[in-house]
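The structure is shown first.

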Amino acid sequence: VLDVDSVQEDFSLQEGAWDSLALVATIAALDDHFGVTVDATELGQAQTVGELVALAEAAQGGA
Amino acid sequence: MAYWVPGAAVRGVACAVPRRRLTVADAGATFGDEEVQSVVKMTGVGERRVADETTCASDLCVAAGERLLEELDWAPDSVEALLFVSQTPDYVLPATACTMQERLGLSHGVAAWDVNLGCSGYVYGLWQAMSMIRAAGMSRVLLAAGDTCTKFCAPGDRSTALLFGDAASMTALEADERGGAHFAVGTDGGGAENLIIPAGGFRKQCSPETLPRQEDAEGILRSEHDLHMQGMEIFNFTIRRVPPMLGDVLDSAGWEPEELTAALFHQANLFIIDHLRKKLRLTREQVPTSIEEFGNTSCASIPLTWTERLGAGEGEEPRRLAMAGFGVGYSWAAAALEAGPCVMPDLVEI
């Protein structure tokens, strides 16, 4: 569906199906792969992939 | 931190559900098939049982209790305490457990009280029941746990209306020097607003303003008497709290995850259960589920999974079981216990 190599930091999350199901799946994936738990409300407000990465990095730093 | 409560054992568990079934196809008529399929993929809920307007959680508990007392051959007046765990009581007052004393024919000497907990409620109830046996020297205690959550779900709210089912249980516990269980519990009231019915209590009483269903900021048509659930927040809380809590009771019991016969999780949704299973290094065989057939049945989900998926264990060695309930409150509770073969009547349908 999506060419992973083409995803840039400015890739917009809000244009796709960035709904509650996608958010839960993202929280789970971050927990699985990086052992971090990101704030659900902040994740929902993320506009771009870059903001998502920043949230994950902040959570990792605070973990 | 875990608590060891010795001296009590589960003798039997019975469950009851309404006869009326609600299928995925029924839900498709309201939300559209595509929408329903995407939700079902995550929640795992295929079918649910739904109580009619006149059936309460207590009715289901009483039906399960009558069957259980009969199959255990326990005289009703031999029961010394009855706890009713539920968030869908018959009345604001009196406590529903008091009305159940009369209906079950228990003695006037029985201790009876309600416990207002949901997802964590069954494990909390086991902890209280076993503690009463240990601390008060009681010999027989009944734990009723059930809810009719479909009654407080807004019909147009996909996060709740496609998830919850109605069910109830009755568990019989008895003094037994060889018995006991390890418990861990916890609470974080900071998460209260993430799973809440805002009106109808005394903080915000029922009024003409609270009753109408109106479209809220999320575009969902619901009233303040309907359940409001922030699924993502609940999921976040779950993955933070449940693994360490289960670790605590397993450490206390001295068991490794692979030594468990089964881990009975609150049937919150299949995605959460599967995530917890992987995080705790448990196999699919160790984590039975009932959500596909009954939905999220609140405090009844653990006993329902026990009776419908594990069964009585007749002729088997005692099983090593872990249980974990987590959610509304936030409140969480886990148990690790050896459960020998016990009485488990067929599912009661009313």
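The text below treats the charged pairs, then the surface patches, then a pair of strands.

The model is predicted, with local features needing pLDDT of at least 70 and side-chain atom pairs counting only at pLDDT 80 or more, while totals for chains, interfaces and linings use all residues. Residues are numbered from 1 along each chain as its sequence is written, chains are lettered from A and ligands numbered from 1 in the order in which they are written, and side-chain values use heavy atoms, without hydrogens and water.

**Salt bridges**

A salt bridge is a side-chain nitrogen of Lys or Arg within 4 Å of a carboxyl oxygen of Asp or Glu. Over all chains, the count comes to 21 salt bridges.

| Pair | Closest N and O atoms |
|---|---|
| B:Glu47 and B:Arg21 | 2.8 Å |
| B:Arg49 and B:Glu349 | 2.6 Å |
| B:Arg178 and B:Asp176 | 3.4 Å |

Helices (H or I, at least four residues) and strands (E, at least two) are DSSP runs, numbered from the N terminus. B:Glu47 lies in the loop between α2 (33-43) and β3 (48-49) of chain B, and its partner B:Arg21 in strand β2 (residues 21-22) of chain B, 26 residues apart.

B:Arg49 is buried at 3%, whereas B:Glu349 is partly exposed at 30%. B:Arg178 is exposed at 78%, and B:Asp176 is buried at 11%. B:Arg178 and B:Asp176 also belong to a network of salt bridges with B:Arg11, B:Arg140 and B:Glu174.

**Surface patches**

Patches consist of residues with over 30% relative accessible area and no salt bridge, like charges being joined within 9 Å and nonpolar side chains (Val, Leu, Ile, Met, Phe, Trp, Tyr) within 5 Å. B:Glu66, B:Glu70, B:Glu71 and B:Asp346 form a negative patch. Of these residues, B:Asp346 sits in the loop between β14 (331-339) and β15 (348-349) of chain B and is exposed at 63% relative accessibility.

B:Val92, B:Leu93 and B:Phe202 make a nonpolar patch of about 410 Å². B:Val92 is in the loop between β4 (81-85) and α4 (96-104) of chain B.

**Strand pair**

Strand β12 (residues 262-265) of chain B runs parallel to strand β13 (residues 319-327) of chain B, joined by four bridges. B:Ala262 stands opposite B:Leu321 in β13(B).

Terms used. Accessible areas come from the Shrake-Rupley method with a 1.4 Å probe; for residues, only the protein chains shown count as cover. Lys and Arg count as positive and Asp and Glu as negative; His and the chain ends are not counted. The place of a charge is taken as NZ of Lys, CZ of Arg, CG of Asp or CD of Glu. Buried means under 20% relative accessible area, exposed over 50%, partly exposed in between (1.4 Å probe, protein chains only). Two strands pair if DSSP finds at least two bridges between them.
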